[in-house]
Structure formats: structure tokens, C-alpha cells
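Let's take a walk through a protein model together. Keep the sequence and the 3D view open, and look for each part as we come to it.

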Amino acid sequence: MKVAIIGGGPAGLYAAILLKKQRPSADITVHERNRADDTFGFGVVFSDATLDNFEKHDLPSYRRITQEFAYWDDIAVHFRGTVHRVGGNGFCGCSRQKLLLILQERARELGVVLHFEVDIEDESRFADADLVLIADGINSRFREKYVDHFQPKVDLRSNKFAWMGSTRSLDAFTFIFQETEWGPFIAHAYQYEAGHSTWIFETDPETFERAGLTGLNETQSAARMAGIFGWFLDGHKLLTNRSMWRNFPMIRSKRWVKDNMVLLGDAKASAHFSIGSGTKLAMEDAIALAEAMERAPSIQAALEVYEYGRREEVEKTQHAADVSLVWFEHVDRFWEFDPVQFAFGVMTRSKAITYDNLKLRAPDFVAEVEKSFARQVRSNGFDVNTDKPVVPLFQPFRLREMEIANRAVVSPMCMYSAKEGVPTDFHLVHYGSRAIGGAGLIFTEMTCVSRDARITPGCAGLWNDEQEAAWRRVVDFVHANSASKICLQLGHAGRKGATKLMWDGIDRPLDEGGWEVFSASPLPYFPDSQVPRELDRAGMNAVRDSFVAAAERGERCGFDMLELHCAHGYLLASFISPLTNTRSDDYGGSLANRLRFPLEVFEVLRAVWPKHKPMSVRISATDWADGGITGDDAVAIARAFAEAGVDLVDVSTGQTVRDAQPIYGRMFQTPFSDQVRNEARVATMCVGNITTADQANTILAAGRADLVALGRPHLVDPFFTMKAAAWYGADGAFCPPQYLPGKDQIFRNSVRDRLDLEELRIKAKPKTRAELKAEATKPLAAE
Ligand SMILES: Cc1cc2nc3c(=O)[nH]c(=O)nc-3n(C[C@H](O)[C@H](O)[C@H](O)COP(=O)(O)OP(=O)(O)OC[C@H]3O[C@@H](n4cnc5c(N)ncnc54)[C@H](O)[C@@H]3O)c2cc1C
Ligand SMILES: Cc1cc2nc3c(=O)[nH]c(=O)nc-3n(C[C@H](O)[C@H](O)[C@H](O)COP(=O)(O)O)c2cc1C
């Protein structure tokens, strides 16, 4: 078999090694345009898990790599004169040049032919090859040559960055967040061999301009960075090597394979440097390709296995990198944070590390985070313990005069079980049991303000006395039997009205018995949905008045809080999104115009809703669709509602249009809550695939939301909050007296279970290479 490889970077060389091991008789040649010992960049970084993978696939190169590596366990975050160190991270750094020399040496030993200083312009010279690997890096000539086939999407990120080096030794992966007269600069730095460290500098484009970096050459810009970070460089120089400032291109290619050509490494997909995964991804691509070649019956089949089998893993890493890079792009959002909360945000930015996880690894750090959180709560007038605080989820919160005992919230969820809009015994048991289960705040399902405001025939309403009495029964039960507060969510279905019960076909039009629906514009949801009537001013008045009447009934029921539903494509949301609002009057066009009617409704509600009771608004912070609402719009929307007196923005997303493309994942909507909270400076509640109390604590402690709503988890577990309280030992949590013996038991058992689990996790955790190395080099006498 003949294999031609274009590009002698980590992807090309490691693929050559693995394929040659597999097929010693194969003719494998690597073509590299640089000289053998040329390199750009300084050090590369691998996690322990990545090294485990290398160990499995090629022991000799693994051994040489690990002999050359610098190990560290800690991440250090420097911010506003403080430094927080978190251990247990298990990373290794090595010079990129040494890595390439090791891989070249190993490839040669195996019989791979390496050609240097050959710039491949045309792959036709490899016409006789069975397989052509395109490993020519981020600016891949061949990916661009066949751009129509590979269909790469290049997202050029806004921040500027440059790789440099230094002789400064470092004993931790170091992040330095530095305020300057021009704006914030960030250094990501790590040691890769004795006396050498990599320094990646990053800043936003405006700060870059203000700092006068445009037009400076490498030496001058290194001098500017040395000026900024000199206090830490401690007299050490910054080194340059093609250290030009650039914008990071996030690359995703639709196809990775063309005939017998296959893209590997940066050529096919890039991952932002802040998660240190570029070289890892490149080498793991080589592993995936070699594994596919081992198993598949033909080269073509192997390429398919590689493309389809590897994609998910690459996309997962890219998603983590995306989340991380966005955090760094918006670091100014957190600049006013308490440094320990800021450091917690750095550690948990890409969702891989959570509260419990950090508590295990760095208990002192998390204890400080807890104290800082409790101090903030105390400064808001709560008499909470700041020496031995409970976890953030069990810290109280206040909106106007409404105090809630914890930050776990039952998200609004339609039960589709009302009769002519009247809540039934099902609702009493449903809301009652979730209140007894301990949630601090319970939202009702979307409660419709009129008969034709219903989504389905099973939706609850609040437009007549019978409904009012039924809701009062629910509210009275909650107040009499729990410490929960209960919020009424009012909404109008708009064009998504007159549809079937969820379990009969969500959002599908009713076959019979439907009613006329309204929307901002006459656009049906599905092509075969009812075409809604465009709401005219008289219709708006009627809708507005029905909201007011329902709110007045809500007050009589005794609800503690009121939420206006402006999300998910329902009537008010249909005004806000440009995808559903094509009006040419004062209610269409600009965002200010599109917000006019929802704000008008909010304002009249605020006027009739008692001053001491809070109000929230639920928004879709993105439509997940081209031309729709974005996170930046959500900030503007939140600001507008905040000016109108909203106390909390309930940040959901999507459900506006059928062809939206949401990116699901754990806590997938939380970044929008983060953006709204920390840019619009308004309290937020986040929601969406948050399934554990650990995740809730992570979100709260990092300042990404003030409250955490859980929907589906509460459907199957009314006692989510009670169980979480037991787990975290928050024994002040409410429990009805009837259930106290059960509470005592679960609290006792949870302490034991928690200790057992922690012990198990500690035992199961493999030693990091740093720990192994420390053990191996420990003098015998010290044992
Ligand atoms: C300026 C810069 C500095 C970096 N520094 C670091 C760092 O310090 N640490 C780190 O972890 N990551 C660094 N990275 C990222 C990292 O290099 C990549 O993520 C990783 O190397 C990807 O491996 P690869 O094999 O896919 O591509 P590359 O390492 O880019 O290798 C591609 C190779 O193909 C060769 N090539 C390209 N076109 C042709 C052609 N037509 N003919 C022949 N040869 C060709 C190139 O010369 C190159 O050697 C840096 C990236 C850049 C752009
Ligand atoms: C059965 C069901 C009904 C829902 N009904 C409503 C509703 O009435 N009002 C609303 O704003 N959101 C509603 N939602 C959305 C939830 O409040 C929540 O935002 C969503 O389920 C994501 O959170 P989760 O991942 O915790 O379930 C509903 C969700 C479900 C699963």
C-alpha cells in the first residue's frame, strides 16, 4: 500500500507512525515544506487522559515524549492582585519542536520516508497512492482547493492573540488577567521544558487598537507585552517566533474525505487554544484513522468509519473550545466579580469541571467560593452564616419583598390537564407535591389569559371565577404546607394556539374544535398550521386588557409573583422576533418597535400588580435561526424590560420557528443567562438541561444566574430540592412536619453516601503523571 502524507506536523507524523506500525510493508512518505528542525510556536500541552491514549497506541514515542515533558497539576488564576491555585489538573507541556523531532525520529525508525523542504502544490503527483492524508494545517491549501467539496465553515473570532515564549519558569498552568490603561489583557502561560514557557496573549480588538498594537512588529509588540506582564515575568525576556497577532479561525468542515484523500488535524477542524487541544486533536485524529484502517475491509470503508466515527468527539471538543473562547472574549463581563468567584468562573467556563468536582480536588478553594457567595447574600440583608456557609443553591434570594429560601425553581410546565381552563385535582397534587418537595419557587404552567389564548384545549386559564377559585386552592395549599413561593406565568399562545395536547402531537393544529388564532404577522407555524390573523390595535387592546384582568385575578388568588411569557414563539414573543414579525407599522421593524407591544403589556401589568410583589419576563434569548434573535438582542430586550421594572429575566431560548437549529447539551441555555445577567446587569433565572444540584451550584457560584429552574427533572422528582439539601447538608431546608422522620433519615444517609462516594472517587482517580513522577523521584529516606 502506498500512502502519501502532505504536512509533517503532529497529525501527519503520528498518522505515518501508526499506519507504518500496522502495515510495515506499506510505502509511507511524509512531505513537509519546512526544514526538519523548523518550527513555529513554543510548547504544546496534553492532559493525562491524552497521554494515556498515546501510551496505548505507540509506547516508544510515548516514553520519549513523557521523558521530555514538564508536568504540572495546578491551574493558577491571577486577577486583581490575587492568585487562586487549583490542583488535580494533570497536564504536561513539551516543546513543539522536540515533539516533532521525537515523532520524526520514531517515524524514520519504522521506515517512514520523510521529505523536507518540499512544498506540495498539487496532489496529482500522488496519483499512484492508495491513500493521501491532507495534514497541512489550519490554512490547508488542499481543503481550500476543494472548498466546494469539503465545505469548511470558518468563523474568524473577534479577539486578537499571539503566541510567544519566555524563559520564565512556571509551576502551574497560569492565567493572568491584567487590567491596563487600554483595557484587559489575558496571558495563558505554561512551562514546556526547564527554563521555557509558552505565552499566549489575548485581548479584544478595541483594547488591541487602543494599546497601539496595530502596525507594531514582533519585537515591538513583545516589548509592549513585556511592559504589561513585566511584574510577573520577573526580569525574564519574551521570545518571539512568527509571533504575529491574529484572529483565531474556528474551522468546521462538512466533509473530511474526498475519494482517497482525507483531512486530518487543523486542516479539518480547529479548537481554540484556551483549552489546549489543537495538537491533541491532531494526534487523536491520527489514532482514529489508524484504528479505522485496522478494522475496515477497504480503504474507502475505513475513511467512512473515520469520518463518521470521529466527528462526534471532535465536535464535542470544538463545542467545549467554543464555550471557552466565548468566555475569554467576554471577560469584561466578570471584571467586577469578587476574585475568587472570577477564578471559579475561569475553572468552570467550559462545563467540564463542576462544583462537586472542584470540591473534591480543591476543597479550600471551593470553601472560599462558598464564603464569598454567602458574603454577597449577607450584603443583601440576609442573616446567613458566612463562616460555614451552605452551598449557593441553598442561599436565600429576594425579589422586591418576596424572599425565597433556596434557588431551586420548578420551571413553568404545561400539564395539558385543565378542563375548560380550570385547574383540576391533578394540578393541586402536582404543584402541592413540588412545594412539599422543597423548591424555593414554583412557577405555574403558562396560564392563558382568555379562551382563545390557550395553546391546547387542556391548557389552564385565568379568565373566569371558577378558574380563579381553583388556582386559589392551589396557592393556599402551597402557602399552608410549604415554604415555597408560587409565581403565576401568564401567556397568550398566539399562532401556536388551537393545537393538540403534547402527547397527541405538540404544536400540531387541532383536527377539529379549533379557534381562530392571532399573531404579530400572518405567518403559520407549520406550513399546514392555521394562518394567524395579524393582530390589529383593537385586538391588542383586548389582549392587553385580558392580561390585566388575569393579573388582577392572580393577585386575588394570592400568587407571590407574576411572570409575563414573552418566549417560545407565543403571541408576545411573535412580536419580538423578526422571524415572526414582518409588520410595517409601529410594532414592526426595529427591535424597539417589535418590543413596543410586549412592553406595553408588561407596563400595564406592573401598574396593577402590587408594588411589593416581583415580576419576571420569560424570553427566548436566541431563536437558534439565521436572522432571528441573538444573545446581543437578548441583552437589549432584558435592558428594556428592566427599565420598565422587571425584577428577573427568565432566560429560555428558541421554539420560535420550526427550522431552528439549537445546539443542545448540558446547561445549554446557561451562556445566554450569563450574557443577560452580566451585560444587562439584571437578575436572571437560567433553565435548560440542568439536571443535577451540582450543575446548579456551578452556575450560581460562577455568577451565571441568580436562580436555577429545572423542568423535566421536577416532573419525575418532586423531591429534587429536599434530596439536594440532604446531599449538601443544608439542614435548614424546609420539610413539612409530617415528613420529618424521612428528612432525618435521608440527611443521615446522605452524609454517609457522600463520604463513601468521595472516597470511591478518590480511590478510582488514577494518579496524575505529576504525582507519579513526584513519587518516583522521592528520596528513599523520606518514605
Ligand atoms: C503560529 C502558531 C503557533 C502555534 N503554537 C502552538 C503552541 O505553541 N502550542 C500548541 O499546542 N499549539 C500551537 N499551535 C496550534 C497547533 O500547532 C495545532 O493545533 C497543531 O499543530 C495541529 O497539528 P497539525 O498537524 O494538524 O497541523 P500543523 O502543526 O500546522 O502542521 C501542518 C504542517 O503542514 C506543513 N504544510 C502545510 N502546507 C504544506 C504543503 N503544501 N506542502 C508541504 N507541507 C505543508 C506545514 O509546514 C506544517 O508543518 C500554534 C498554531 C499557530 C498557527
Ligand atoms: C411538558 C413541558 C411543558 C412546558 N410548558 C411550559 C410552559 O407552560 N411555559 C413555559 O414557559 N415553558 C414551558 N416549558 C419549558 C420549561 O419551562 C423549560 O424551559 C424546559 O423544559 C427546559 O428545561 P428542562 O431541561 O429543565 O426541562 C415546558 C416544558 C415541558 C417539558
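Which of the 31 residues around ligand 1 come nearest? They are Glu-32, Gly-43, Arg-96, Ile-120 and Asp-266, where a residue counts as near a molecule or strand if one of its heavy atoms lies within 4 Å of it. Before going on, a word on how to read this: the model is predicted, so local features need pLDDT of at least 70 and side-chain atom pairs count only at pLDDT 80 or more, while totals for chains, interfaces and linings use all residues. Residues are numbered from 1 along each chain as its sequence is written, chains are lettered from A and ligands numbered from 1 in the order in which they are written, and side-chain values use heavy atoms, with hydrogens and water left out.

Stay with ligand 1 for a moment. One of its nitrogen atoms is 3.1 Å from an N or O atom in the side chain of Asp-119. Ile-120 uses its backbone: an N or O atom there lies 2.9 Å from a nitrogen atom of ligand 1. On the side chain of Thr-279, an N or O atom is 3.4 Å from an oxygen atom of the ligand.

Now move to ligand 2. There are 18 residues around this ligand, and Ser-411, Pro-412, Asn-689, Gly-711 and Arg-712 come nearest. A nitrogen atom of ligand 2 lies 2.8 Å from a backbone N or O atom of Cys-414. Oxygen atoms take part too: one lies 3.0 Å from a polar side-chain atom of His-565, and an oxygen atom is 2.9 Å from an N or O atom in the side chain of Arg-618.

Next, some helices. Helices (H or I, at least four residues) and strands (E, at least two) are DSSP runs, numbered from the N terminus. The axes of helix H1 (residues 10-22) and helix H4 (residues 96-110) come within 9 Å and cross at roughly 25°; axes are lines fitted to C-alpha atoms, for helices over the stretch in contact, and angles run from 0 to 180 degrees between N-to-C directions. H1 is therefore roughly parallel to H4.

How do helix H11 (residues 339-348) and helix H22 (residues 693-701) cross, and at roughly what angle? Their axes come within 9 Å and cross at roughly 130°, so H11 and H22 are oblique to each other. Gln-341, Phe-344 and Thr-348 of H11 make the contact with Thr-698, Leu-700 and Ala-701 of H22.

Finally, find Asp-74, in the loop between strand E4 (70-72) and strand E5 (75-79). Its side chain makes a polar contact with the side chain of Arg-85 at 3.0 Å. A polar contact is a pair of N or O atoms within 3.5 Å; within protein, one must be able to donate a hydrogen and the other to accept it, and residues adjacent in sequence count only if both atoms are side-chain atoms. Not counting residues up to four places away in sequence, Asp-74 touches Arg-85, Val-86, Gly-87, Asn-89, Ala-172 and Phe-173.

Note on methods:
Parallel < 35°, antiparallel > 145°, perpendicular 65-115°, else oblique. Contact = heavy atoms within 4.5 Å.
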